[in-house]
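Trainee: I would like to learn how to read a helix and its surroundings in a model. Where do we start?

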Amino acid sequence: AILRAAAFGNIKLLIPMISCVREIIEVKKIISTAVDQLTVEKKIFNADVPLGIMIEVPSAVLMANELARHVDFFSIGTNDLIQYSLAIDRRNRKVAHLYQALDPAVLKMIKMTFDVANEHGIDLAMCGEMAGDPINIPVLVGLGLRDLSMNPGAIPVIKQMVRKIDSAEAAQHM
């Protein structure tokens, strides 16, 4: 269905919870099978759909250099990345206070992912609550992030903040 819809619009395919190269290879096999099926069925489709992965687990950050060789873009899923990196269940009231978006380990993983994406010339986006929280924006801009996905209600405030930040100055403080 995604390949068929791509014939009529601008579509990207984003795969969640990827932790290793083998999973990307399996996804690509499934896509290839779908392309073969659609070709046999003589359906209208576009096989040239950019493939991206969510960076949501620490193993994906550590393997980002290898993963980047197989995809067109990354999206950092901060809700899960923070939770799995800090071993914090954000829904458990007893430990939810330990869920810290600006924890140095989290920031280091974001920076590592950003650097790998730049090195490989692939796009990088960020989604999750971290991207829509005004307190995080100077840090994210300083780290080099430019593509943030958030709840629609957060957009006006974040947009206003981003316009006021000198990205070069923010980068110097990182």
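Mentor: With a term: a polar contact is a pair of N or O atoms within 3.5 Å; within protein, one must be able to donate a hydrogen and the other to accept it, and residues adjacent in sequence count only if both atoms are side-chain atoms. Helices (H or I, at least four residues) and strands (E, at least two) are DSSP runs, numbered from the N terminus. The model is predicted: local features need pLDDT of at least 70, side-chain atom pairs count only at pLDDT 80 or more, and totals for chains, interfaces and linings use all residues. Residues are numbered from 1 along each chain as its sequence is written, and side-chain values use heavy atoms, leaving out hydrogens and water.

Trainee: Which residue caps the N-terminal end of α6?

Mentor: Asp103, through a side-chain oxygen 2.8 Å from the backbone nitrogen of Ala105. After α6 comes Gly121, with a positive phi near 65 degrees.

Trainee: Which residues of α6 are buried?

Mentor: Buried means under 20% relative accessible area, exposed over 50%, partly exposed in between (1.4 Å probe, protein chains only). In α6 the buried residues include Val106, Leu107, Met109, Ile110, Thr113 and Phe114.

Trainee: How many disulfides are there?

Mentor: A disulfide is a pair of cysteine sulfur atoms within 2.5 Å. A search of the whole structure finds 0. The sulfur of Cys20 is too far for a bond, because the closest cysteine sulfur, in Cys127, is 20 Å away. Cys127 counts as buried, at 19% relative accessibility.
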